[in-house]
Structure formats: structure tokens, C-alpha cells
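Work through the exercises below with the model open beside you, and try each task before you read its solution.

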Amino acid sequence: MAGQLYFDPRSLTQAKRLLVPPLAVGHLEQVQHEVRFAPDPKGPFSIWEWPSRVRTYLAGADISEGLPDRADQKTSRTSIDLICRESGQQAAQVHGMLDPQAAADALFLLARYYRWPWLGVEANGPGLATLVLLDQLGYPYLYRTKRLGQVGQPEMEKLGWVTDAHTRP
């Protein structure tokens, strides 16, 4: 299904008219023991809602290989979307040519900035490397898929989830 549109192109065009531009675009930077936002119109971070002490957040990530486009094919980009749990609205996004290591770094900074949300990272391909890196960093709130074992065997947990013909709508 990669490369095929799931939604009707006309519906997408209509939906684009409803998009709200972000409040800020830039980078997140670690400065000593603090994560700070640095404005940059070409940065990969877009913010629609600044972090709040009274709100909680959830993030989902689809990690790319971070390879540049080729003349005959446009490659995929990493997309990390942060949602406010209370409102259901998008609070932030990271989008760009990020390899698995850069995606893990971006996720970790985003997570620190937004008070440690649950992270759901697709485990297909390069996403698995990002998950392993986040796990090695000790990130406490990584989504794990639970799988039932054989009769008499314990339940197993795997980092992230796999998108395939059985899990895709």
C-alpha cells in the first residue's frame, strides 16, 4: 500500500483549507539541563500548542530511513505527531529527513519539552532502530504491543507496533 493514496484527492484538497498554521516553527535544543525552542522558519519542529503543566500529551511516530530524494523517486519523511490528550488537537509535529538516530534524538527532545508523553513508534523498518535507541536511553513511556504466548507460555511484549495487511484499516 506504500505510495498509494488512501483518501480521495478532492477530499484532501478540501481538508487543506481547514488547516491552521503553526504558532511557531523551529528547532528544539538542549541547553545545559533544559530543552528550549529556537525559532527557524526551515526547522523541522512545528508547534500549535506550547507545553502546558495541566495537559498531557501522546505522540505517534512513523520513522523513515532519512535518505535523500532520488531523481526518479521521492523518498518518505519521518513524521512525529504530538496530540493533546485532553483536547485531541495536534500540539506539535516533527517532519523531515531524519534517520533513525536523528529521529530518536528528536523524539527524546520533544518528549522532554512536553513533559514525557507516551510514545507510539511504528516498529517497521527504521522505526525499530529508533525504538531500540529510545529504550537504551531509558525512555519510560514507550508503547509496547502485547502478544499472547502459546498455552502455558507467558505473554510477550514487543516495542512499538508493526503495520501490515493485518493491522492496516
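**Exercise 1. Is aspartate 135 buried, partly exposed or exposed?**

Before starting, note that this is a predicted model, in which local features need pLDDT of at least 70 and side-chain atom pairs count only at pLDDT 80 or more, while totals for chains, interfaces and linings use all residues. Residues are numbered from 1 along each chain as its sequence is written, and side-chain values use heavy atoms, with hydrogens and water left out.

Step 1. Recall the classes: buried means under 20% relative accessible area, exposed means over 50%, and partly exposed is in between, with a 1.4 Å probe and protein chains only.

Step 2. Aspartate 135 has a relative accessible area of 35%, so this residue is partly exposed.

Step 3. Look for its partner: aspartate 135 forms a salt bridge (a side-chain nitrogen of Lys or Arg within 4 Å of a carboxyl oxygen of Asp or Glu) with arginine 144, and the closest N and O atoms are 3.2 Å apart. Arginine 144, at 32%, is also partly exposed.

**Exercise 2. How many salt bridges does the count come to, and which residues form the others?**

Step 1. The count comes to 3 salt bridges.

Step 2. One of them joins the side chains of arginine 36 and glutamate 34, at 3.2 Å from N to O. Arginine 36 has a relative accessible area of 41% and is partly exposed, and glutamate 34 is partly exposed with a value of 41%.

Step 3. Another joins arginine 55 and glutamate 49, at 3.4 Å from N to O. Here arginine 55 is partly exposed at 28%, whereas glutamate 49 counts as buried because its relative accessibility is 17%.

**Exercise 3. Describe the surroundings of serine 64.**

Step 1. List its contacts (heavy atoms within 4.5 Å): leaving aside neighbours within four places in sequence, serine 64 meets Ser76, Arg77, Thr78, Gly96, Leu98, Asp99, Pro100 and Pro126.

Step 2. The side chain of serine 64 also reaches the backbone oxygen of leucine 98 at 3.4 Å.

**Exercise 4. How are the rings of phenylalanine 37 and tryptophan 50 arranged?**

Step 1. Rings of Phe, Tyr and Trp (its six-membered ring) pair if their centres lie within 6.5 Å; planes under 30 degrees apart count as stacked, over 60 as edge-to-face and the rest as tilted. The structure holds 9 aromatic pairs.

Step 2. In this pair the centres are 5.4 Å apart and the planes stand at 80°, so phenylalanine 37 and tryptophan 50 are edge-to-face.

Step 3. Because phenylalanine 37 lies in strand β2 (residues 34–39) and tryptophan 50 in the loop between β3 and β4, the pair ties together parts that are 13 residues apart in sequence.

Step 4. Compare the classes: phenylalanine 37 is buried at 17%, while tryptophan 50 is partly exposed at 38%.

**Exercise 5. What is the phi of tryptophan 116?**

Step 1. Most residues other than glycine have a negative phi.

Step 2. Tryptophan 116 is not a glycine, yet its phi is positive, at about 60°.

Notes
Polar contact = N/O pair within 3.5 Å; in protein donor to acceptor, adjacent residues only side chain to side chain. Helix = DSSP H or I, 4+ residues; strand = E, 2+ residues; numbered from the N terminus.
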